[in-house]
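Subject: Handover of a structure and notes on it

Dear colleague,

Please find the structure below, for your records and further use. My notes come after it.

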Amino acid sequence: MGIKQGMRVVVVGATGNAGTSVVRALGEAPDIESIVGVARRVPNWSPPKTTWVRADIGRDAGAQADLVRHFEGADAVVHLAWLIQPSHRPAVTWDTNVLGSIRVFEAVARAEVPVLVYASSVGAYSPGPEDGRPVDESWPTHGWPEAAYCREKAYVERVLDAFEREHPQIRVVRMRPGFLFKEEAAEQRRLFMGPFLPRRLIRAGFLPAVFDLPGLRLQVLHTDDAAEAYRLALGRQVRGAFNLAAEPPVDGETLAGLLDARTVRIPRVAARSAMATAWHLRLLPPSPQLFDAALRLPLMDTTRAQEELGWRPRHTAVETLREFLTGLRRGTGMDQTAPLAAKLPGGRPREAATTGVGERP
């Protein structure tokens, strides 16, 4: 089944890594008539069929009333908005990620929107099985409780459980992608690496070695491939969760191959200690608890997305990482939107050293 003719779709969080790809994918779909992009900061970007509205789902007292107004008459709402920073202030991320999501869901119900597609994550899953086998969408979603990101993703899954029971007439789809990258994803560098990583270190052959952590394997997906899954879900009568990832799972050897470097095994304890020190000194954005969670993430089986959505990623995980590394070397961004801008005010190393890395929402 194709997308409903003349569909009007609202995308909440439309200017970030995932949002820009989803807006592009919908704009290219012939049966999408109009797109409303909702963002904290209205971009200087004019993709086809798209109009922009400003709303901060986490801070605006009147956000829900505004959302209802923007959602009225929509055929679907795609909710992508999420904060990872400031990682030292989890109350701020909770306001957007949990309370803001609740505001979005309640506005969907009040506006009587028939379809809700929500961006969950592999981070919502409980630690994977000891034998490392891939898990399907029935694997528990209790997250890793010490990491704010995982805790919030898991909490919102429970909110959606209740929402579906209370509003069975609304078709709810949950996307659970792996780590999303593309060349323009400048925000990923800010979220995971900070401003102190010199670009020259990312050139192939420059680094003599890459650390390889025992047991660390992550699933990566090109953001455009994830966006295609969102597009497909809008027009098919599917409900529930879909795992999204590309092959193969990546590890230290994968990254070393891309950088033409050798691997050096490093104990988990040493890696975590170094990361925790850098995080407490506000030199590195991600928390050590997020590192702990990454070591426990399950590998996901994507059979359901392939069979029920007809979805296949066009990029392998290695191709996606190669493209992202190219973007890092070149300083590629998308300056029309604040989240993807190559440079942000206060984002230079000297300024970050005085204010602390990871303090900007």
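This is a predicted model: local features need pLDDT of at least 70, side-chain atom pairs count only at pLDDT 80 or more; totals for chains, interfaces and linings use all residues.

Residues are numbered from 1 along each chain as its sequence is written, and side-chain values use heavy atoms, with hydrogens and water left out.

Nonpolar cores

A nonpolar core is here a set of buried Ala, Val, Leu, Ile, Met, Phe, Trp, Tyr and Cys residues joined through side-chain atoms within 4.5 Å. Buried means under 20% relative accessible area, exposed means over 50%, and partly exposed lies in between (1.4 Å probe, protein chains only). The largest such core has 53 residues, and the members that touch the most others are Val-11, Met-175, Leu-234 and Leu-309. The greatest contribution to this core, 7 residues, comes from helix H6 (residues 223–235). Helices (H or I, at least four residues) and strands (E, at least two) are DSSP runs, numbered from the N terminus. Another core, of 30 residues, lies apart from the largest one and includes Val-68, Val-77, Val-156 and Val-172.

Leaving aside residues up to four places away in sequence, Leu-234 is in contact (heavy atoms within 4.5 Å) with Met-7, Val-9, Leu-26, Ala-76, Val-78, Val-115, Val-117 and Arg-171.

Helix H1

Helix H1 (residues 17–28) is mostly covered, with 9 of its 12 residues buried. Among them are Asn-17, Thr-20, Val-22 and Leu-26. The end C-alpha atoms of H1 are 18 Å apart, which agrees with the 16 Å that its 12 residues should span at 1.5 Å a residue; the expected span is 1.5 Å times one less than the number of residues.

Backbone features

Most residues other than glycine have a negative phi, and most peptide bonds are trans. The bond from Gln-85 to Pro-86 is cis, with omega near 5°; Pro-86 sits in the loop between strand S4 (76–79) and helix H3 (90–110). Glu-247 and Pro-248 are also joined by a cis peptide bond, with omega about -5°, and Pro-248 belongs to the loop between strand S10 (240–244) and helix H7 (252–258).

Lys-49, which is not a glycine, has a positive phi of about 70°. Lys-49 counts as partly exposed because its relative accessibility is 32%. Glu-112 likewise has a positive phi, near 60°, and counts as exposed at 68% relative accessibility.

Yours sincerely
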